Amino acid sequence: MIKKLILGAMLAFGLSSYAQQGTASPYSFYNGGDLHFKGTHDVKTMGSLAVFQDSIHTNLLNPASLANLQGANLSLGASTSMTNFKSAQTNVDANRTTFDYLSLAFPAGKFGFSLGLMPRSFVGYDILNEAQENDFTVRRNYLGEGGINRAFVGVAYKITDRLNIGVETRYNFGQSDNSVVKFIVDDGQGLGLDRGTRQMIDNRYSGMSFNTGINYVHPLKNKLQLNIGATFSPEAKIDNEQDIVLSTIEVGDDLSFEDIDTFEQPTQTNTLLLPAKYSIGAGIGDPNKWFVGLEYTGTHYNTYSNVNYEDGYKMALGGFYTPDHLSIRSYMKRATYRFGAQYEKTGFVLNNESIDDLSVSAGIGLPIGGSRSVSNLNIGLQYGQRGTTNNGLIKENYFNVSIGLSFNDFSWFVKRKFN
């Protein structure tokens, strides 16, 4: 089944990853765009908790968990986000739909392997600003779209029946287009000028990054087990080539404009820094029945030239409950019910205000196929708030609906006795 789906899924992702505009957030102006969640939707609905060592789902946050897989797994997911952007002066709604991830993972003895594609960040903003400069009223329009994608290959090794290690190699690539249009709408006497300027920047990104992981499972009494997991991603440097075009524009009475003179600057090469990140978490439960855990993620930022950062962190609390995974009479008893909450101090500081993110989530994993099938459809809901309206900033209230598919095939590497 998985073999028949791989080609179509990879083609769908390849076509959409360059075309989608996954955010409308003004915060995507900074540092390569608005970061996208890196895990699957079953993890997302548990508050992004990645401590549980699953044998039928691919854990994209901790590569060590690949060694626990019982069979080949194909995972893909998409989501729709409805966001309200609120400032002291405005209130705007925006909707976005994105293809979130595609991965193929499989076991091989004591090893586990994975490969796939996902977005790393999105750029998508349209900001209009008017300000007084001397006696003039100057309008600036900031526009941006694009983002950075990520292709990854992971490998894990089972050192003992309880202890796994893993590493994931990532190639980050993408493009974003950013522009700033500036002209005078009031010269102090009620008249606008018919000339202005436009700067257009074409950013191209490419570079490697890595994520390492370890997990440990300790059996307890009454079928319970303790799961402990940790990850570390070192700081990485991504090449950023920029083509910059400066233009003189002619502004019409309706404030539309067109270029009348352009100048192309030589290509510049800069560096985009990806901060070092680590996580540690623990949880307890019956792996076939219930689980609850807590995870801490820390982010270490250097100082960037265009905005201030501080060290950030995230606290995630979540778990799941499955009434009876072997039930034949009741389909809903075989479903898995997930819940979670997270608080994140993003480390992003603007106008002396820390940008924080708080959300709650819930979801359900519905079995697909027969009563013995472990493939499932994961549906999730998430509500959260990010940012603040203080000091001229924007607060985002968002509601996400996510759908993920997890297909499993335990016979992929079994030799057939009969043709």
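This is a predicted model: local features need pLDDT of at least 70, side-chain atom pairs count only at pLDDT 80 or more; totals for chains, interfaces and linings use all residues.

User: Why is Thr 297 called buried?

Analyst: The relative accessible area of Thr 297 is 14%. Buried means under 20%, so Thr 297 with its 14% is buried. Thr 297 belongs to strand β13, residues 290-300. Beyond its neighbours within four places in sequence, Thr 297 is in contact with Lys 277, Tyr 278, Ser 279, Gly 312, Tyr 313 and Lys 314.

User: Why does Phe 320 count as buried, and what does Phe 320 touch?

Analyst: Phe 320 has 7% relative accessibility; the limit for buried is under 20%, and therefore Phe 320 counts as buried. Its place is in strand β15, residues 312-321. Leaving out residues up to four places away in sequence, Phe 320 touches Met 46, Phe 52, Pro 287, Lys 289, Trp 290, Phe 291, Thr 336, Tyr 337, Arg 338 and Phe 339. Phe 320 and Gly 340 are 20 residues apart in sequence, with their C-alpha atoms 8.7 Å apart in space.

User: What makes up the largest nonpolar core?

Analyst: The largest nonpolar core has 8 residues: Tyr 27, Tyr 30, Tyr 301, Tyr 309, Phe 348, Leu 350, Ile 355 and Leu 393. Membership requires buried residues joined through side-chain atoms within 4.5 Å. Ile 355, one of the core residues, touches Tyr 27, Lys 345, Thr 346, Phe 348, Arg 386, Gly 387 and Leu 393, residues up to four places away in sequence not being counted.

User: Which residues form the nonpolar patch on the surface, and why is Leu 220 called partly exposed?

Analyst: The patch is formed by Leu 220, Ile 284, Trp 290, Val 292, Leu 294, Leu 317, Tyr 321 and Phe 339, which together have about 660 Å² of accessible area. Strand β13 provides the largest share, 3 residues, and β13 and β15 each supply at least two. Leu 220 is situated in the loop between β7 (195-219) and β8 (225-233). Its relative accessible area is 37%; buried is under 20% and exposed over 50%, so Leu 220 at 37% is partly exposed.

User: How do you know that Arg 204 forms a salt bridge with Glu 241?

Analyst: The closest N and O atoms of Glu 241 and Arg 204 are 3.2 Å apart. A salt bridge requires such atoms within 4 Å, so the pair at 3.2 Å qualifies. The pair links distant parts of the chain, with Glu 241 in strand β9 (residues 236-251) and Arg 204 in strand β7, 37 residues apart. Arg 204 also meets Asp 202 in a salt bridge, at 3.4 Å from N to O. Asp 202, Arg 204, Glu 241 and Asp 243 are linked in a network of salt bridges. Arg 204 is partly exposed at 26% relative accessible area, and Glu 241 is partly exposed at 36%.

User: What makes Arg 386 and Glu 396 a salt bridge, and which strands hold them?

Analyst: Their side chains meet at 2.9 Å, N to O, and the cut-off is 4 Å; the pair Arg 386 and Glu 396 therefore counts as a salt bridge. Arg 386 lies in strand β18 (residues 376-387) and Glu 396 in strand β19 (residues 395-409), so the pair ties together parts 10 residues apart in sequence. Both Arg 386 and Glu 396 are buried. The structure holds 8 salt bridges.

User: Which residues are linked into a cluster by ring pairs?

Analyst: Ring pairs link Tyr 27, Phe 29, Tyr 30, Tyr 125, Tyr 142, Tyr 301, Tyr 309 and Phe 348. The structure has 17 aromatic pairs, counted where ring centres lie within 6.5 Å.

User: What makes the phi of Ser 48 and of Asn 351 worth a remark?

Analyst: Most residues other than glycine have a negative phi. Ser 48, however, has a positive phi near 75°, and Asn 351 has a positive phi of about 55°. Ser 48 sits in the loop between α2 (41-44) and β2 (72-86) and is buried, at 6% relative accessible area. Asn 351 sits in the loop between β16 (336-350) and β17 (353-367) and is partly exposed, at 42%.

Note on methods. Residues are numbered from 1 along each chain as its sequence is written. Side-chain values use heavy atoms; hydrogens and water are left out. Buried means under 20% relative accessible area, exposed over 50%, partly exposed in between (1.4 Å probe, protein chains only). Contact means heavy atoms within 4.5 Å. Helices (H or I, at least four residues) and strands (E, at least two) are DSSP runs, numbered from the N terminus. Patches are made of residues with over 30% relative accessible area and no salt bridge: like charges are joined within 9 Å, nonpolar side chains (Val, Leu, Ile, Met, Phe, Trp, Tyr) within 5 Å. Accessible areas come from the Shrake-Rupley method with a 1.4 Å probe; for residues, only the protein chains shown count as cover. Rings of Phe, Tyr and Trp (its six-membered ring) pair if their centres lie within 6.5 Å; planes under 30 degrees apart count as stacked, over 60 as edge-to-face and the rest as tilted.
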